[in-house]
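Please find below a short note for colleagues who will work from this model.

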Amino acid sequence: MCGIVGYVGREQAAPILLEGLSRLEYRGYDSAGVAVCSAGEGRLEVAKAKGRLKILSDMLHGGADISGTTGIGHTRWATHGAPSDVNSHPQVSRSGRIAVVHNGIIENYAELKAFLKEQGIPFASETDTEVVAQLIEYFLETDKVGLLEAVGRVLRRIEGAYALGIVSADVPGQIIAVRKDSPLILGQGQDFHMLASDVTAIIQHTRDVIYLEDGELAVLTTEGIQCYSQLMVPIEKKVSHVDWEIDAAEKGGYEHFMFKEIMEQPDALRRAISPRIAEGQVVLEDFHLDEAYLKSLEKIYIVACGSSYHVGMVEKYIFERLLRIPVEVALASEFRYMEPIVTQRTLVVVISQSGETLDSMAALREAKRLGAKVLSVVNVVGSSIARESDQVLYTWAGPEIAVATTKGYSTQLAVLDLLALYLGRLLGTVSQETYDQGVAALEALPEQMERVLERREDIQYYASQYFNHNSVFFIGRNLDYAMGLEGSLKLKEISYIHSEAYASGELKHGTISLIEEGTLVIALGTCGRLFDKAMSNVAEVRSRGADVLALTTESRQEDMAHAASGVITIPDAAEIALPSLGVVPLQLFAYYVALMRGCDIDKPRNLAKSVTVE
Ligand code: M6R
């Protein structure tokens, strides 16, 4: 989704903005632009270009062609109006003296645009954002108010989701920042201040950040940041310190962020798991949901999108087995429209790597409105979902840059596995043996995952055999089915191969008609108690001509080798750890296939890292 960066200070702004935008490229975009104010001359220069940021950067000779020490920059992911130079941001007012960058959607833009047109104001673009720039100027001119007041008047009229950065040629040396339902953070430095959609864009300059709450507004100058409440009352905000290292957001010698992040998984798991296990017990230190409340739970709802939803699908099986409480998994984009049955005895678990996914955020608010408590599992510290939840468990995976999530997914699994064991013990629903096995399996997981990663050449070999296929089916039962959902998504999002995941038993109810000579079926059979069933399903598709690549545990390799064309193995482990181990070969398979097909792995077409529009 769109990325925003802003800088006000003593340095030339354009090179800083371009560098910041390059760190936001991973979010997904189709055009880029900057607007820079030069204090002395009261001049506002705007440069924008459709396509990769490099086009804009080359056009401006790395920023040298545009001078001024205050500026805003943007990478656009088109919503209103096709990707084009004119629809790119910053959008400017009629006079060209106000420039705006925006992430989100102004829902009532058509009505506002009609009003402004009636006043004789011409529009240059098809964007909803231009309305904001034009409306600010309209209030400046007709109401004769200052810039801050004009922005305040605009905020009272616009509806929807927005993070905005605003500059004016008439007030150089100042940026106004606003947010509602879209991410925006402020960075505090010595003699400079910044704003950005996420911390990766500013971490090279400062790690001291301010998180704006919904409806809040801030004025940034070289000297400081003044924040205001929704009612435009000046407020004090806490400054938080981000402890991510800049290296964590760089490729560090790897060809792709996705591969780097796959390889980082054992360490990410160590960070997520080790501090939460002590002397064979799960210890959730800052977990403060009341014991009586937890014991009163009648239902758990897991709500998320994409891969995080797939984590929910795995955890439904694990939670129900360990807790004997009904668990429903819902797509966040559906949740608020389905009249969910949520009461005060429902715990809603929101899973989100970014903590900014708009649908997940909306589901969280709906759950709270209905009286539930919300526990979120989030990677980005201080993100909106984390801040609005009653309880947050961080995954501590470090920054995830590749659009296709990998370490985000596996650390979410680990944290929820720990939670399931913790609650199972608290509720008395898990046996001592299962608990001990589960804890031991999670402790062993990072090291076992290293072994899976060491065997990556086997996966590379299978990728070379199958990368030309146009359609792939993933089949499995129970945890293997849930894991297949993620394997299938990984493959389609980065390699553009059509792929489906099916519960094996469901195949014969329709989909098996698609199996023909040479169809690739990836059969997942890691779950020991269902292994015989997995074998039967392999036989079923093979007898119809499918080429079967199977995934199972080391102890079952030989048996599976009789049935499948190829077998990939993971170490034997307690059931709770199998999806975490099993997903790694699937991530690697998707990665190598995409590599062999020449795809843009870290920035797959049409996709954005954090989906901040509905
Ligand atoms: O940041 P979130 O976990 O809320 O993101 C949810 C999905 O957009 C995300 O998991 C998406 O499906 C991944 N890019 C898939 O790899």
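The points below take up the domains, the contact between two of them, and the ligand site.

1. The model is predicted. It should be read with that in mind in each of the points that follow.

2. The domain assignment divides the protein chain into domain 1, covering 3-243, domain 2, covering 246-451, and domain 3, covering 455-606. Taken over C-alpha atoms, the centres of domain 1 and domain 2 are 34 Å apart. To their contact, domain 1 contributes 13 residues and domain 2 contributes 14 residues.

3. How much area do domain 1 and domain 2 bury between them? The figure is about 1,100 Å², of which 52% is on carbon and sulfur atoms. On the side of domain 1, the residues that lose the most area to domain 2 are Arg23, Tyr26 and Tyr211, and together they account for 40% of what that side buries. The size of an interface is often expressed in this way, as the accessible area lost when the parts come together.

4. By class, the side of domain 1 that touches domain 2 comprises 6 nonpolar, 2 polar and 5 charged residues. A salt bridge also joins the side chains of Arg365 and Asp181, with an N to O distance of 2.5 Å.

5. Which residues are closest to the ligand? Among the 14 residues that surround the ligand, the closest are Ser308, Ser352, Ser354, Thr357 and Glu493.

6. Individual polar distances at the ligand can be listed. Ser308 places a polar side-chain atom 2.6 Å from an oxygen atom of the ligand. For Ser354, a side-chain N or O atom is 2.7 Å from a ligand oxygen atom. Of the 410 Å² of accessible area that the ligand has on its own, the protein covers 91%.

Note on methods: Residues numbered from 1 in each chain as written. Predicted model: local features only at pLDDT ≥ 70, side-chain atom pairs only at ≥ 80, totals over all residues. Heavy atoms only, no water. Domains from an automatic or database assignment. Contact = heavy atoms within 4.5 Å. Buried area = accessible area lost by both parts, 1.4 Å probe. Salt bridge = Lys/Arg side-chain N within 4 Å of Asp/Glu carboxyl O. Nonpolar A, V, L, I, M, F, W, Y, C, P; charged D, E, K, R; others polar. Near = heavy atom within 4 Å. Polar contact = N/O pair within 3.5 Å; in protein donor to acceptor, adjacent residues only side chain to side chain. Areas by Shrake-Rupley, 256 points an atom, 1.4 Å probe, with all protein chains shown as cover.
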